Amino acid sequence: MRALTTLAPTCQASMLRPNKKGAAVQKTSEINDFAEVTATAAISRAVHGWRAKCLQRLIRLDMPVPPTVALSAGAVRAIAAGQQPDSRAILAHFGDAPLVSVRPSPENTEWGGPGTILNIGMNDARHKTLTQTQGEAAATALYIRFVQSYAVHVARLDPDMFEMAEPSPESLRASLKAYETEMDEPFPQDPVRQLTEVLRSMARAWEGTTARILRQVKGAPTDAGLGLVVQEMALGIGPGISGSGVIQFVDPVTGQPQVTGRYVGQSQGRAALSGPEAIYLTRDPRGPSLEEVCPEVFADLLRFGAACRAKLREEMQIEFTIESGQLHVLDAIKVARSSRAGVRIAVALAEDGIISRDDAVLRVEPRALSELMHRQVDPRGPRDRFAKGIAASPGAARGRIVFSSAAAQASAARGEPCILVRRETAPEDIRGMHAASAVLTERGGITSHAAVIARGLGLPCVVGATDLSVNARDKVLKAADGRSFHEGDLITVDGTKGEALVGEAEMLEPALDDTFRTLLTWADAVRDIGIRANADTPADATTARMFEAEGIGLCRTEHMFFDEDRLTVMREMIFADTSKDRAAALERLLPMQRADFVRLFEIMAGLPVCIRLFDPPLHEFLPHDRDGMRELAEALDKPLSEVVRRVEALSEFNPMLGMRGVRLGITLPEIYEMQARAIFEATVEAARKGTPVVPEIMIPLVSAKREVELVKTRIDAVAAAVRTHMGVSFDYRLGVMVETPRAALRAGDIAQHAAFLSFGTNDLTQMTYGLSRDDAGRFMNTYIQQGVFPEDPFHILDVDGVGELLHIGAERGRATRPNLTLSICGEHGGDPDSIAFCRSAGFDYVSCSPFRVPVARLAAAHLALNDRGRGLENTP
């Protein structure tokens with residue numbers, strides 16, 4: 001065995017590198033940092049790549065792996081830099097007439113690499129020999145495939161010149177002639193030169209700019225290296241039973257046990273398996289199978305698959321070749337799998353005792369769980385995409401296009417699924433979104449109104465599809481390719497991939513089965529930060545409980561007022577001229593609010609519920625078009641001119657920074673007093689029904705301590721009045737939603753009157769950046785591509801800017817009140833990277849939309865396990 005571990009030029013053979021004209025150039029030092037892959041060789045993934053290490057493990061499992069030599073990443077980098085490989089020494093491992101393949105072997109399977117080159121060493125002499133042993137057809141097929149592969153991938157010639165018909169002596173001569181014409185030299189006959197050029201070509205391809213960018217997208221470091229594996233060919237073409245195939249033992253979409261794959265007789269390599277000549281692997285009434293044609297080989301493959309699962313602790317796909325009835329295992333790779341298959345495989349391996357539960361938890365990426373909680377487009381079916389946007393809320397849905405909330409509600413009343421298509425959504429579209437099966441918008445970003453509400457509702461949503469043109473008046477949707485869609489046309493929205501598809505795509509149902517629940521139970525056993533849900537309605541709370549949230553971290557009460565019966569009363573309150581009239585209108589809303597809170601408390605069964613007091617500006621509850629104002633005037637029995645004046649009076653230049661949140665509660669205190677009374681009365685009623693709760697009341701958009709003092713005084717008075725009136729004692733906690741930079745900076749003062757601080761990172765990010773989340777989607781991609789922002793700060797928490805405000809607020813708040821509860825309740829609450837920040841900053845919990853709760857639970861478990869692993873590494 002040859003196993004050298006330095007790059008020293010220990011061999012100085014006279015290898016000349018030819019140029020295009022065949023002229024020799026200067027000698028270079030030869031690289032001989034390679035090792036024969038045996039059971040005991042010093043092969044490591046970090047040095048030789050995953051494929052070399054995997055092949056060694058297969059050899060240790062007594063699988064029939066052809067002789068193999070591995071080049072280190074350092075050797076490959078040196079080859080790319082211009083040094084010569086010691087190809088003669090490499091080929092010496094394969095006998096007098098070597099015929100080999102070269103495969104890429106990066107450290108990580110996800111990083112890709114240049115394509116495999118087969119049949120290196122094929123030349124006129126070998127063709128003649130193989131003609132005698134394998135037959136003329138087989139020998140010619142092998143030779144012509146090598147010529148084509150070498151010409152295209154090594155010499156970089158035009159592929160069209162080598163797209164010949166079926167292999168034949170004529171097509172072989174044509175290929176050789178084409179090569180000679182283009183290169184001004186005959187096709188190389190020396191196997192040493194062939195291998196040298198293949199190794200150089202693959203090494204340089206790895207170092208190319210495009211390849212580097214592609215692997216960095218998949219998480220590879222900038223200096224990621226490539227190992228190469230040289231392996232003796234198993235021909236797969238010739239007399240007797242010969243061919244190639246792949247086999248795996250789980251379904252790649254569902255993860256259920258199932259033998260699947262392809263086998264093609266008289267073929268080589270994975271590329272050949274895409275042809276129509278494949279036969280079945282297992283017995284099948286529709287045609288012949290490998291199990292019938294070669295039962296001994298099939299039985300060996302089953303045995304090898306079981307060995308891989310038990311010893312490699314993974315479900316593997318085995319690539320194999322049969323040569324005259326003799327089985328050769330060429331490679332084994334981790335089975336490509338969907339997210340739902342990944343969960344099932346990890347749990348099954350743990351339940352069978354092959355891996356630990358902690359390992360199973362770590363094998364599933366948190367974001368992958370989103371695909372299990374919603375219907376998905378079946379990846380095995382056809383896709384006719386007509387629009388691409390931002391994947392704002394995962395899942396998929398089919399339905400007929402509607403262009404207004406009213407049409408969506410009408411469609412739902414008829415029992416017809418619909419897709420709400422809007423240029424962008426507004427608060428008044430919430431009822432339509434509730435009725436729709438999915439949402440598609442032309443504008444908006446990851447934290448736009450449509451995106452936030454859709455995630456809370458669990459609706460598939462694609463926003464920022466800027467290539468679309470939405471004409472709601474004419475009820476026409478135009479795609480970039482010129483196709484037009486009208487109201488009533490069937491489409492599919494894939495919120496997981498951010499695409500809109502023509503017609504009804506094939507679907508996969510959610511996978512919220514025992515496997516899903518088992519994995520999350522294991523995750524909960526190790527995580528060390530709380531996970532709550534943002535839930536505005538009883539339906540949201542039910543979803544939160546289904547996903548085992550530990551309470552409600554944000555209940556936005558304003559969403560309760562958009563139902564038709566409540567909206568009218570809300571508008572009456574807005575048009576009231578006196579405090580008494582406002583109180584009278586709110587008195588009608590009181591029982592509705594109380595019933596909402598009672599239902600929330602019952603569903604949450606004693607878990608904490610944090611209720612945010614009324615936040616949005618009042619104009620959001622008013623119509624903005626002439627027809628809507630006329631209808632409102634009729635409903636309120638007021639002149640249209642008065643309605644128009646009031647709407648105009650409430651309009652603001654920048655409503656998100658205007659009369660909203662605590663400012664509204666101080667200037668119109670009747671609103672917060674009504675809500676506090678509803679909360680306290682619901683608390684008493686829930687306790688009487690056997691579900692005691694300590695409600696948490698949160699004041700929004702605070703900037704100053706005095707704001708908290710004023711609101712707290714009124715809420716304390718309401719609490720005292722309810723206790724006296726109902727003759728029941730109860731507790732509650734008052735806190736602040738930190739959404740302004742000043743609130744974070746003055747957290748020490750504010751904490752004097754607050755039991756908790758919950759950071760609303762959506763608005764805090766907007767105000768820190770001076771950036772509207774609803775408009776950021778128009779330029780965010782440009783900013784990210786040009787390096788202004790590393791990521792969308794509304795999607796991934798800005799730990800340098802916004803994060804510093806969170807740190808300041810947490811430190812100053814706890815300096816005043818050491819037992820202060822800290823949390824975040826913005827959209828960042830469900831993002832794994834943001835959870836890592838909150839955990840390191842000592843926050844008590846994060847709160848996110850109900851459908852992101854499982855993602856957050858698993859992400860928190862990953863963080864705890866990774867910290868535990870680092871702690872063990874540092875233990876003496």
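**Hairpin.** I began with the hairpin that S10 and S11 form, which has 2 residues between the strands, and I noted that Ser324 in the turn has a positive phi of about 55°. This is a predicted model, so I take the angle as a computed value. Strand S10 covers residues 316–323 and strand S11 covers residues 326–334; the two run antiparallel and are joined by 8 bridges. Looking for a facing pair, I found Phe320 opposite Val329 in S11.

**Cores.** Next I looked up the nonpolar cores, and the largest has 129 residues, with Phe680 and Leu757 making the most contacts inside it. I then listed what Phe680 touches beyond four places away in sequence, and the partners are Ile697, Ile715, Val718, Ala719, Val722, Phe730 and Tyr732.

**Cysteines.** I asked myself how many disulfides the model holds, and the count comes to 0. To see why, I checked two cysteines against the cut-off, which asks for sulfur atoms within 2.5 Å. For Cys418 the closest cysteine sulfur is that of Cys461, at 14 Å, which is too far for a bond. For Cys610 the closest is in Cys825, at 7.1 Å, and that is again too far for a bond. I also looked up their accessibility: Cys418 counts as buried because its relative accessibility is 0%, and Cys610 counts as buried with a relative accessibility of 0%.

**Arg612.** I wanted to know where Arg612 sits, and I found it in strand S27, which covers residues 609–612.

**Cavities.** Last, I searched the whole structure for cavities of 30 Å³ or more and noted 5 of them. The largest cavity has a volume of about 120 Å³. It is lined by 13 residues, of which Ile453, Leu457, Asp536, Asp540 and His559 are the closest to its centre. I then asked which helices each supply at least two residues of this lining, and they are H15 (430–435) and H16 (449–457). The largest share of the lining, 3 residues, comes from H16.

Technical notes
Residues numbered from 1 in each chain as written. Predicted model: local features only at pLDDT ≥ 70, side-chain atom pairs only at ≥ 80, totals over all residues. Heavy atoms only, no water. Core = buried A, V, L, I, M, F, W, Y, C linked by side-chain atoms within 4.5 Å. Buried < 20%, exposed > 50% of the residue type's maximum accessible area, 1.4 Å probe, protein only. Contact = heavy atoms within 4.5 Å. Helix = DSSP H or I, 4+ residues; strand = E, 2+ residues; numbered from the N terminus. Pairing = 2+ DSSP bridges. 1 Å grid on protein atoms, 1.4 Å probe; cavity = no way out; pocket = protein on both sides within 12 Å on 5 of 7 lines; lining within 4 Å. Points joined across faces, edges and corners; volume = space filled by probe spheres on them.
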